[in-house]
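This briefing covers selected local features of one protein model.

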Amino acid sequence: MRGFLTSCPGVSPLTACSIGVTFAAVVALAPALPASAATAPARSAVPGSTRSLPLVPRARERVPGAAPEQGLYRTGLARFTLLGVVWDDPGSELHGRVQVRTRSAATGAWSGWQDVVTHTADHGADPGTAEGSVRRLRGATAPLWVGESDGVDVRVRAEGAGGASGKRAGGPRSPLPSGLRLELVDPGKDGGSGAGAGEAGAAEADGAGEVLEALEAEGVRVRESREGHGAGDAGERLPGNLPADDPPPTALDTEAAIAASGANADITAFGATVVPELDRKATEQELIRLQGTALDDPSRAKPYIGPRPRIVTRRGWGADESLRERGFVYTTKVKAAFVHHTASGNNYTCAQAPSVIRSIYRYHVTTMGWRDIGYNFLVDKCGTIYEGRAGGVAKAVLGAHTLGFNINSTGIAVIGTYGSAKPSSGVVTAVARLTAWKLGLYGANPRGKTYLTSGGGNLYPKGKNVRLNVISGHRDGFATECPGERLYAALGTARSRAATYQGR
């Protein structure tokens, strides 16, 4: 298909697009907007921060026969809402148990002990790819959402040969990986766009001319760049303690933000906080336009595509575009969708979902070393759909969600943990609607099967051609508990509904 697979004509789909070319596309695709839709460029969201604290050996280390244990107890910390444990070598696994409790910043009360999911190597870029080989990558647990907190108590105990209890069973104990640190993430303040939290308001947009005028007023120069991060190298990120009355530009007045909005300019207004939903007829007409075929083309078959759902854009959930790497990387098509859960816990409200996403985004990029958030889309427990990795919601953006099967697939993560918790009907409907539309753009049948070539993993060796459901769970491509038993059990319903939405 053509017209929306890449916004960089003449550039390989697997090559990161330049900011300059993307901006040219923005100017061409987003000219005249009604005056009522125009707003001033926003500088609203206060940036977040990440604090990294080294773990230290606990007294148990000196007890004969005890499993190695490290930990940390701190109070009076700056506000944080999400945490995780990281270590130096991304190729090492943490064989053991991680437990945390946190102190509420509002009440001072301590939570009960919570387990943190330790095995997350199944998420990430494919082996041998540029993103999967960069030096700054680190091993990490899953992130855990804890709400606004100012104190933390963490303990990490190695697993003995006989199990997590540390009892010896005739073999050596599993050592803890080196360089264990606790990462505390503050997502920053909401930008007040009103696009998230399940609200059904229409998207607001900025006219391209007004954006250009505002950029010139701020002295921002759009230039072509293929390397580096939006805020320079990894050590030059925007600080998280700038005064609230003078936040750095994180919305429409940075090159990276212009590129992120421009990547969606083929289907919505430039600068929109929401990609609005369409009915079936309008969606079919949009698909025809994106394919570049004429309405009266006799060779054009009836498309099977679900109505486009409402999607909160990165601007809508307040992404600080200076964190991620510049440019976008695309694959050839989207043949399958992998469904995940974030394993970050269910103790969030739907109004907090944008904050949770900003936290996971920061954790994936600044903590784990990925180029952007790993998932292409996220869905909160109320069924609101959010844009994930930048590059355009209608495009075949290469993600880092299913190790070995990121090429020619899209990753959808439901925010929460669904091993024993049942996903809401809104979640299942959102997954069905999103896959009916996204897979329909590329002619895929949600009830069907497809073949993907493994990039390497613990189920399939590199190069093996694997037959998978077009809508698969993460565990179908990698031996993992993701997306949780209860969410995985709901995928059959999602497939049937998605096919129905497509008119099959």
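The points below are grouped by topic.

The model is predicted. Its largest pocket has a volume of about 700 Å³, and a search of the whole structure finds five cavities of 30 Å³ or more. A cis peptide bond joins Cys482 and Pro483, and helices H7 and H9 cross at roughly 50°.

**Largest pocket**

- The lining of the largest pocket is made up of 34 residues, and those closest to the pocket centre are Val117, Thr118, His119, Ala343 and Glu481.
- Strand E5 (96–104), strand E6 (114–116) and helix H6 (353–367) are the elements that give two or more residues to this lining.
- Strand E5 supplies the largest share, with three residues.
- By class, the lining of the largest pocket holds 15 nonpolar, 14 polar and five charged residues.

- Ala343, one of the residues closest to the centre of the largest pocket, has a phi near 60°, which is a positive value in a residue other than glycine.
- The loop between strand E12 (336–341) and helix H6 holds Ala343.
- For the cis peptide bond between Cys482 and Pro483, omega is about 10°.
- Pro483 sits in the loop that runs between strand E18 (471–473) and helix H8 (485–489).
- As background to both features, most residues other than glycine have a negative phi, and most peptide bonds are trans.

**Second largest cavity**

- The second largest cavity contains about 60 Å³ of space.
- Its lining consists of Asn376, Phe377, Glu387, Gly388, Arg389, Gly392, Val393, Lys395, Val397, Thr410 and Lys438.
- Sorted by class, these lining residues are three nonpolar, four polar and four charged.

**Helices H7 and H9**

- The axes of helix H7 (residues 425–440) and helix H9 (residues 491–501) come within 8 Å and cross at roughly 50°.
- Because of this angle, H7 is oblique to H9.
- The crossing of the two helices is right-handed.
- On the H7 side, the contact is made by Ser425, Val428, Thr429, Val431, Ala432, Arg433, Thr435 and Ala436.
- On the H9 side, the contact is made by Thr493, Ala494, Arg497, Ala498 and Tyr501.
- The class count for the contact of H7 with H9 is seven nonpolar, four polar and two charged residues.
- Lys438, which lines the second largest cavity, falls within the residue range 425–440 of H7.

Conventions: Residues numbered from 1 in each chain as written. Predicted model: local features only at pLDDT ≥ 70, side-chain atom pairs only at ≥ 80, totals over all residues. Heavy atoms only, no water. Axes fitted to C-alpha atoms, helices over the stretch in contact; angles between N-to-C directions. Helix = DSSP H or I, 4+ residues; strand = E, 2+ residues; numbered from the N terminus. Parallel < 35°, antiparallel > 145°, perpendicular 65-115°, else oblique. Left-handed = near helix turned anticlockwise from the far one by under 90°. Contact = heavy atoms within 4.5 Å. Nonpolar A, V, L, I, M, F, W, Y, C, P; charged D, E, K, R; others polar. 1 Å grid on protein atoms, 1.4 Å probe; cavity = no way out; pocket = protein on both sides within 12 Å on 5 of 7 lines; lining within 4 Å. Points joined across faces, edges and corners; volume = space filled by probe spheres on them.
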